[in-house]
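Dear colleague,

I am handing over a model that I would like you to look through before we discuss it.

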Amino acid sequence: MEKLNGAQQVVRVLEDLGVTRIFGYPGAAVTDIYDELYDSKKIVHTLARHEQGAVHMADGYARSTGKVGVSIVTSGPGATNTVTALATAYGDSIPLVLITGQVSTDLIGTDAFQEVDTMGVTRPVVKYSFLCKKPEDIAINIRKAFYIASTGRKGPVVVDIPKNCQNRAYLFDYDNKSDVHIRSYNPTIFGHKGQIKRAVTELLKAKQPVMLIGGGVVQGEASAEVLQIAKSLNLPVVSTLMGISGYPASDPQYLGMLGMHGLYEANETMHNSDLIFAVGTRFADRATNKVSKFCPNATIIHIDVDPASISKTVTANIPIVGDAKTVLTQILTELKEVDGKPNADINLWWDKINVFKQKHCLDFRKKDGIIRPQEVIQTLSKVCHELGINPYVTTDVGQHQMFTAQYFKFEQPRHFITSGGLGTMGLGFPAAIGAQFANPHDCVICISGDGSFQMNMQELAIVKKYKLPVKVFILDNSVLGMVRQFQTVFYHERYSATNLDGNPNFVKLVEAYDLKGIQITDDANLEEDFKKILLDKDNFTLVDVITDTNTKVMPWLRANGSMVDMMLNDEEK
Amino acid sequence: MRQIISILLENEVGALSRVVGLFSQRGYNIENITAAPTEDKTLSRITILTEGDGSVVERITKQLHKLVNVIKVSSQQDDSVGIVEREILFVKVQAVGHTQREEIKTLCDIFKAQIVDITPELYILQFVDTSFEVDRFLKAVAEQAEVIETVRSGVCGIFRGEHSLHS
């Protein structure tokens with residue numbers, strides 16, 4: 001067996017696991033590993049400007065590809081800086097492995113320089129974590145970390161490696177055995193056969209069914225199966241925020257996003273349905289509104305890989321634990337077996353749904369002299385479509401995020417990258433960088449707000465260094481729009497701490513990095529302007545679009561109501 | 001409702017803290033907890049006493065099962081039916097003079113408790129039974145003598161019949 005030291009084993013096992021890109025930030029506790037990385041022919045390291053940015057980049061890399069994102073940081077502040085990014089990935093079940101340096105084992109517990117209990121600090125926001133107490137643990141723990149991160153309900157895993165375990169002087173056997181077995185960890189893949197039969201019977205019986213897709217469809221690569229089932233039974237399809245891109249938006253059976261800022265037709269269809277066929281969603285509070293008033297007449301079939309997500313909030317009538325793609329394939333087989341056809345009454349249901357659609361809840365009226373944010377997203381989506389560009393779109397959190405979810409038409413899975421669970425401002429830009437590294441020939445757009453962009457704008461240096469052609473669109477309304485709209489409606493227009501006075505000139509800001517920035521204040525040539533920007537395929541551009549401060553995201557569910565207790569602001573029209 | 005949850009898990013770094021962390025993170029209460037390795041040293045068994053209705057306990061059970069280290073979780077609502085449960089109590093009491101010392105000894109005989117340590121002025125009593133009986137014993141002791149300090153182990157339980165966490 002080959003003899004390698006601890007630091008070499010870290011790099012070798014990552015290479016053997018097929019890792020080609022790492023995002024990180026060095027420090028005292030990982031210098032041995034960085035020294036080995038210096039020689040690696042297979043792994044390219046990207047130096048972020050903040051550890052949070054590094055892990056968000058790995059996150060964007062993972063979300064856009066389905067591969068495990070990898071990041072490496074030092075002990076202490078290096079590790080604590082990653083907490084938000086880990087929690088972001090945990091919230092949306094994204095496969096990540098974070099390697100953290102740790103002080104030497106003999107110093108652990110002595111409050112040594114840059115010592116923090118990384119396992120303890122990260123415990124509530126990771127799927128699992130390892131502390132390598134001896135060098136021999138390194139390779140096997142990293143293999144286990146990849147296995148845990150990428151199977152079952154995916155998520156981030158931390159591997160904490162003390163400095164002395166990386167010791168270059170101590171050589172020991174490198175075990176290249178790739179199979180990993182963890183006695184206590186066996187995610188369910190196949191759905192229970194009896195439950196599959198029951199589900200199919202209910203599906204065929206339902207007069208007003210709806211299919212609800214969540215992030216599990218995107219992360220579980222189940223889009224093709226979802227489409228097939230929806231087509232074969234003529235089902236309307238509604239998506240959660242995280243499910244967006246899991247079903248082609250241009251398909252007439254697609255009704256868009258449900259929930260707090262969901263579309264009128266999506267929420268009405270859910271509320272009036274007699275059967276909800278839910279795949280890979282956890283019925284989060286932003287999706288359901290008040291659980292006790294949620295869809296009163298619906299039988300619920302709930303497919304999820306995580307048994308703890310089933311009946312956690314909304315009680316499922318037919319729970320099916322298993323991998324989304326596998327279970328849907330089983331359902332397709334069963335449908336074939338019983339020769340399942342769309343329900344005879346489905347057209348009556350579609351008649352009702354088409355009436356819901358007539359509400360045109362996303363229509364908005366243009367304003368003189370100021371650009372509406374909706375207009376920006378709608379135009380961007382239209383221009384991309386016309387140019388035949390199928391971009392990866394990342395967002396931050398706030399109004400721009402909801403407008404993107406509502407107005408941008410996503411056709412292919414993994415193309416919408418957003419923080420749904422944790423709601424992390426600051427994810428969008430570094431995630432776009434990660435997605436661009438993973439997809440160098442594709443268009444990557446970051447839609448952000450003037451508030452959110454400033455949370456991780458230090459990563460502009462990476463764009464400069466690697467000449468990444470990311471396009472950043474800032475919906476710049478000079479306020480924290482989402483909080484402000486709460487203040488407008490519920491706090492008598494008392495705008496406490498939502499004014500972003502002191503914003504930089506974003507164009508000059510990127511110019512300091514020798515990058516291109518333009519400001520748009522007028523919608524006269526929006527389409528042409530956007531076309532020009534997108535056709536400049538090789539260059540980064542930041543587009544600072546000055547938008548209306550008073551526009552609210554609508555529809556808007558009333559708190560503690562049902563899914564149809566919606567505010568539809570007609571003044572927007 | 002009183003619930004006993006038994007957990008079999010791998011003896012890994014941080015395993016116990018993940019279990020305890022889950023309770024605090026999700027807002028569940030731990031009334032008491034016992035943990036120790038099993039005959040297989042790579043495994044530990046934890047018994048947790050908690051309060052909650054059936055649906056809450058089902059949620060806790062699912063979340064516990066989701067923890068990577070956890071091999072098996074079982075819960076039991078009604079302690080008199082499905083589970084044999086015991087708690088150990090040590091109580092240090094003032095025992096001065098022949099009469100008081102005899103009275104405490106008699107009490108121990110009635111409850112089948114043991115005196116495990118003596119000094120001229122103190123007894124340490126040991127009592128093993130269900131939590132309910134431990135409460136009763138403690139009350140009876142307190143009526144006889146001044147209690148200096150007590151320590152209870154928390155509940156330890158095993159299922160009746162064929163049901164086993166190890167199968």
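Predicted model: local features only at pLDDT ≥ 70, side-chain atom pairs only at ≥ 80, totals over all residues.

Residues are numbered from 1 along each chain as its sequence is written, and chains are lettered from A and ligands numbered from 1 in the order in which they are written.

Chain A is divided into domain 1 (3-173), domain 2 (193-357) and domain 3 (373-553), with bounds that come from an automatic or database domain assignment. The centres of domain 1 and domain 3 of chain A, taken over C-alpha atoms, are 30 Å apart. Between these two domains, 24 residues of domain 1 of chain A are in contact with 24 residues of domain 3 of chain A, where contact requires that the C-beta atoms, placed from the backbone, lie within 7 Å. On the domain 1 side, β2 (21-24), α3 (51-65) and α5 (83-91) of chain A each supply at least two residues, and α3(A) gives the largest share, 11 residues; helices (H or I, at least four residues) and strands (E, at least two) are DSSP runs, numbered from the N terminus.

Two of these helices also meet each other. The axes of α3(A) and α5(A), which are lines fitted to C-alpha atoms over the stretch in contact, with angles running from 0 to 180 degrees between N-to-C directions, come within 7 Å and cross at roughly 20 degrees. That angle makes α3(A) roughly parallel to α5(A), a term used for angles under 35 degrees. In this pair, A:Gln52, A:Val55, A:His56 and A:Asp59 of α3(A) meet A:Thr84, A:Ala85, A:Leu86, A:Thr88 and A:Ala89 of α5(A).

Between the chains, 15 residues of chain A are in contact with 16 residues of chain B, and strand β6 (residues 128-131) of chain A gives the most to the chain A side, with three residues.

Finally, eight of the nine residues of helix α11 (residues 264-272) of chain A are buried, so this helix is largely enclosed by the rest of the structure; buried means that 20 or more other C-beta atoms, placed from the backbone, lie within 10 Å of the residue's own. What covers the buried residues of α11(A) includes β9 (209-213), β12 (275-279) and α14 (346-357) of chain A.

With best regards

Technical notes: Parallel < 35°, antiparallel > 145°, perpendicular 65-115°, else oblique. Buried ≥ 20, exposed ≤ 12 C-beta atoms within 10 Å, placed from the backbone.
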